[in-house]
Amino acid sequence: MKMASIRKRLSEIRDAGDIEGLAEALVDISELTPLFSQSASLVHDWIVESRELAATCILDRGLEVRQALRHAEVLLSLGQPIPSYAMARRAEALAKQYAELGLQDRATAAASRALVRLGRHDDALTLLTRIAERKVHPSLDDAVAPALCFLAVGEAHLCEGRYVDAVGPLEDALSRLDS
């Protein structure tokens, strides 16, 4: 979606006065926008606005989890692993409370990636391995979450200089994303 059409869609929703719809649209658009350096600040602004709007209305529980999760991801992209970790753990707790298993896995993966950036590789590996090795019925799972976990496990090994140990998890990540 091009930026002009995104801005137009948001403007139309704002003009309609649909607070819940705007909060959801901001999260939707933030999830569709890659977190490259040129877009991370804009995505952060959308998430902050969505969370501020959420404070004024009642939103779907899943949307609340998605807001916290995307906020954690964008904070990590902006080089802020400490607040990213805190937000990811908040998303994880909300997802657990609301029985959003796939989102809970993604939140745990986001927390683990923040731990990797903080140099807490063993803690990250413990969380990531727990998710990556868990087997559940596909209808209950987020197929991408284990791949993200294996990717982060590989990243943790690379950061520790354990290149040979990184190969297996990185290959597992690629094979899961290829499916």
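Analyst: The model discussed here is predicted.

User: How are α2 and α3 oriented to each other?

Analyst: The two helices pack at an angle of about 155°. Angles over 145 degrees count as roughly antiparallel. Therefore the orientation of α2 to α3 is roughly antiparallel.

User: How many nonpolar residues are in the contact of α2 with α3?

Analyst: On the α2 side the contact includes Leu22, Leu26 and Ile29, and on the α3 side it includes Trp46, Ile47 and Leu53. By class, two residues of this contact are polar and one is charged. The nonpolar residues number 10.

User: How are α3 and α4 oriented to each other?

Analyst: Helix α3 spans residues 37-54 and helix α4 spans residues 61-77. Their axes are 9 Å apart, at an angle of about 150°. With the limit for antiparallel set at over 145 degrees, α3 and α4 are therefore roughly antiparallel.

User: Which residues of α4 make the contact with α3?

Analyst: The α3 side of this contact includes Ala40, His44 and Arg51. By class, the contact has seven nonpolar, five polar and two charged residues. On the α4 side the residues are Gln67, Arg70, His71, Val74, Leu75 and Ser77.

User: How is α4 oriented to α6?

Analyst: Helix α6 covers residues 101-117, and its axis comes within 10 Å of that of α4. The axes cross at roughly 20°, and angles under 35 degrees count as roughly parallel. That makes the orientation of α4 to α6 roughly parallel.

User: How many charged residues does the contact of α4 with α6 have?

Analyst: The contact includes Arg66 and Glu73 of α4, and Arg106, Arg113 and Arg117 of α6. It has seven nonpolar residues and one polar residue. The charged residues number five.

User: Over the ring of which residue does the charged end of arginine 120 sit?

Analyst: A charge sits over a ring only within 6 Å of the ring centre and within 35 degrees of the ring normal. Arginine 120 has its charged end 5.8 Å from the centre of the ring. The ring belongs to tyrosine 85.

Methods: Residues are numbered from 1 along each chain as its sequence is written. This is a predicted model: local features need pLDDT of at least 70, side-chain atom pairs count only at pLDDT 80 or more; totals for chains, interfaces and linings use all residues. Side-chain values use heavy atoms; hydrogens and water are left out. Axes are lines fitted to C-alpha atoms, for helices over the stretch in contact, and angles run from 0 to 180 degrees between N-to-C directions. Helices (H or I, at least four residues) and strands (E, at least two) are DSSP runs, numbered from the N terminus. Angles under 35 degrees count as roughly parallel, over 145 as roughly antiparallel, 65 to 115 as roughly perpendicular and the rest as oblique. Contact means heavy atoms within 4.5 Å. Ala, Val, Leu, Ile, Met, Phe, Trp, Tyr, Cys and Pro count as nonpolar, Asp, Glu, Lys and Arg as charged, and the others, Gly among them, as polar.
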